[in-house]
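Here is a short note for a colleague opening this model for the first time. Please read the points with the structure on screen.

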Amino acid sequence: MSSAGGGSALQVHAVRFGPGQELLGSLQAFVEERRLRAPFIITCVGSLTKATLRLANATVTNTNEVLHLSGRFEIVSLVGTLNPNAHLHISLSDIEGRTVGGHALGDLEVFTTAEVVVGEAVDLQFTREMDLYTGFPELVVRPRSQTDQSP
């Protein structure tokens, strides 16, 4: 199944989260407060002390392949969409430079900072619907109706 929206204007938002804040929940609150309808991560730099990731071998029947990390980690990459059921992937490097990544489940505790630039495709709306083929809620992109426009 393909979900395609047309082109869209871009609006850019920047935010910084500080020590002890949970990054995923903070991003979701940021999106909700600003009523963003098609938000996505443009870039992120920072560090974490904890993270919970789902690994790439997850399937519909085995979704619990998770990695719980604790220590000091640099955020090497954070990508994805931030609609209410956010779909984010993160790559982290440890104190020896080893990198690990996966689907961000949460428990992303900021160590020193997380500087995030969030984009919004202002003419679109992102939702998620169950995909019978994959067994997961997948991204659906729709044009935003005139009544859906938020300031």
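1. A cut-off comes first: a residue counts as buried when its relative accessible area is under 20%. His-13 has a relative accessible area of 14%, so His-13 is buried. Keep in mind that the model is predicted.

2. Where does His-13 lie? It lies in strand E1, which covers residues 10-17. What does His-13 touch, once residues up to four places away in sequence are set aside? The list is Phe-30, Arg-34, Leu-36, Val-116, Val-117, Val-118 and Glu-120.

3. Now the overall layout. The protein chain has seven strands and one helix. Read from the N terminus, the order of elements is β-α-β-β-β-β-β-β. The protein chain holds 151 residues, and 39% of them are buried.

4. Contacts and surface can be taken together. Take the contacts in the protein chain between residues at least 6 apart in sequence: 64% of these join residues at least 24 apart. The accessible surface of the protein chain is about 8300 Å². Carbon and sulfur atoms account for 53% of that surface.

5. The largest nonpolar core has 28 residues. Which of them touch the most other members? They are Phe-17, Leu-23, Leu-27, Leu-78, Leu-88 and Val-116. At least two residues of this core come from each of these elements: E1, helix H1 (23-33), strand E2 (39-54), strand E3 (66-81), strand E4 (87-93) and strand E5 (99-121). E5 gives the largest share, six residues.

6. Leu-78 deserves a look of its own.

7. Ser-26 lies in helix H1. Is Ser-26 buried or exposed? Ser-26 is buried, because its relative accessible area is 14% and the cut-off is under 20%. Leaving aside neighbours within four places in sequence, Ser-26 is in contact with Phe-17 and Gln-21.

8. Val-12 lies in strand E1. Together with Leu-10 and Ile-42, Val-12 forms a nonpolar patch on the surface. The accessible area of these residues together is about 270 Å².

9. Last, the strands E6 and E7. In what sense do strand E6 (residues 124-130) and strand E7 (residues 137-143) pair, parallel or antiparallel? The pairing is antiparallel and runs over seven bridges. Glu-129 stands opposite Glu-138 in E7. Thr-127 has Val-140 in E7 as its bridge partner. E6 and E7 form a hairpin, and six residues sit between them. In the turn, Gly-135 has a positive phi of about 80 degrees.

Notes
Residues are numbered from 1 along each chain as its sequence is written. This is a predicted model: local features need pLDDT of at least 70, side-chain atom pairs count only at pLDDT 80 or more; totals for chains, interfaces and linings use all residues. Side-chain values use heavy atoms; hydrogens and water are left out. Helices (H or I, at least four residues) and strands (E, at least two) are DSSP runs, numbered from the N terminus. Buried means under 20% relative accessible area, exposed over 50%, partly exposed in between (1.4 Å probe, protein chains only). Contact means heavy atoms within 4.5 Å. Accessible areas come from the Shrake-Rupley method with a 1.4 Å probe; for residues, only the protein chains shown count as cover. Patches are made of residues with over 30% relative accessible area and no salt bridge: like charges are joined within 9 Å, nonpolar side chains (Val, Leu, Ile, Met, Phe, Trp, Tyr) within 5 Å. A salt bridge is a side-chain nitrogen of Lys or Arg within 4 Å of a carboxyl oxygen of Asp or Glu. Two strands pair if DSSP finds at least two bridges between them. A nonpolar core is a set of buried Ala, Val, Leu, Ile, Met, Phe, Trp, Tyr and Cys residues joined through side-chain atoms within 4.5 Å.
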